[in-house]
Amino acid sequence: MASLKVSYTSSRLTPSVPFCLLSCSNKTTLIRFRNAIVSPPKLKLQAHGKTRATVQSAKMAAGIVKEVLPPALDSTSEPPPLFDGTTRLYISYTCPYAQRVWITRNCKGLQDKIQLVPLDRQNRPDWYREKINPANKVPSLEHKNEIKGESLDLIKYIDNHFEGPSLFPDDPAKKEFAEELLSYTDTFNDAAFSSFKGDGNEAAGAAFDYIETALSKFEDGPFFLGQFSLVDIAYAPFVERFQPFLLDVKKYDITEGRPKLAAWIEEMDTNEAYKQTRREPEELVEIYKKRFLAQL
């Protein structure tokens, strides 16, 4: 089982190459910064009294169901009986966008309510594009005879329309900051990707400095909003990939000089709902090497 740290235990999942054949979907509007330094917006810091935010994580972990993951469906697989009343989440085990929704499902304790349907992205079934998602992207959610997509939309949808612990704050200041952070995710990802392709780490460094500052805003816990939320879920799959790749290929430690980020990664590593979705760092590094270094 993988970890955001460089060392971790082994995973049971079968490796496959992300961003190939079956693309991952996020918000449709992306801000591209290719080979450029990203200057993140300034953050206003606000101090709050400390609380035991880890209590919430412990309570959430207590209700996590450990499931046996189904094999990925390929071109020889028959489609599930669509629109039969079953709620299904279509993912790829290696897609970070799909991982966001998978984590949310797990955190809400919905393993018995939302059926996981993994797809083989190297040998995808034609029926997925024809009957589920014409764009052939994951994730997709089949619910109440409708198909919904886009990872950030889906994590909010699942939080709002299903039972389980709330993953979004009631506090107006935290809600506003949450929306700011969710809007920044594409810029953050593109900054890291541009550093992968270039000689320097300036773009990634600016993006991770933004994250460090964001994690300092609320002092009532180690998470972005103090307590664990959808914001942590939105960033975790990408930090999981960026950290080992930058360390291995660029010799750049994203936690150096960023104690808040280091504490956040450590805290995320204890989240059982997230741990069930993680990949091995070695696998992720090889995947990104094939994707980015082969283009240089």
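A polar contact here is a pair of N or O atoms within 3.5 Å; within protein, one must be able to donate a hydrogen and the other to accept it, and residues adjacent in sequence count only if both atoms are side-chain atoms. Keep that in mind for T185: a polar atom of its side chain lies 2.9 Å from the backbone oxygen of L182.

Now the ground rules. This is a predicted model, where local features need pLDDT of at least 70, side-chain atom pairs count only at pLDDT 80 or more, and totals for chains, interfaces and linings use all residues. Residues are numbered from 1 along each chain as its sequence is written, and side-chain values use heavy atoms, with hydrogens and water left out.

Back to T185. It sits in helix α5, residues 172–197. Helices (H or I, at least four residues) and strands (E, at least two) are DSSP runs, numbered from the N terminus. T185 is buried, at 1% relative accessible area. Buried means under 20%, exposed over 50%, partly exposed in between, with a 1.4 Å probe and protein chains only.

Next, the strands. Start with β1, residues 87–91. Five of its five residues are buried, so β1 is largely enclosed by the rest of the structure. T87, L89 and I91 point one way; R88 and Y90 point the other way. What does β1 pair with? One partner is β2, residues 114–118, which runs parallel to β1 and is joined to it by five bridges. The chain gets from β1 to β2 through helix α2, residues 96–107, in a right-handed β-α-β crossover. Right-handed means that, with the strands pointing away from the viewer, the path from the first strand over the helix to the second runs clockwise. Another partner is β3, residues 140–143, antiparallel, over three bridges. Pairing requires at least two DSSP bridges between two strands. R88 has a bridge partner in each: Q115 in β2 and E142 in β3.

V138 and P139 are joined by a cis peptide bond, with omega about 5°. P139 lies in the loop between α3 (126–132) and β3.

Two positive phi values, neither in a glycine. F83 has phi near 55°. It is in the loop between α1 (53–62) and β1, and is partly exposed at 37%. E150 has phi of about 75°. Its loop runs between β4 (146–149) and α4 (151–161), and E150 is buried at 19%.

On to the core. A nonpolar core is a set of buried Ala, Val, Leu, Ile, Met, Phe, Trp, Tyr and Cys residues joined through side-chain atoms within 4.5 Å. The largest has 74 residues, and those with the most contacts inside it include F188, F242 and W264. Helix α7, residues 230–249, gives the most to this core: 11 residues. F242 touches several residues beyond four places in sequence, among them F188, F196 and Y288. Contact means heavy atoms within 4.5 Å.

W264 brings us to α8, residues 259–268, where L261, W264, I265, E267 and M268 are buried. They cover an arc of only 165° around the axis, so they are on the same side of α8. That arc is of the directions from the helix axis to the C-beta atoms.

Last stop, T277. Where is it? In the loop between α9 (272–275) and α10 (281–292). T277 is buried, at 0%. Its side chain makes a polar contact with the side chain of Q99 at 3.0 Å. It also reaches the backbone oxygen of Y274 at 2.7 Å.
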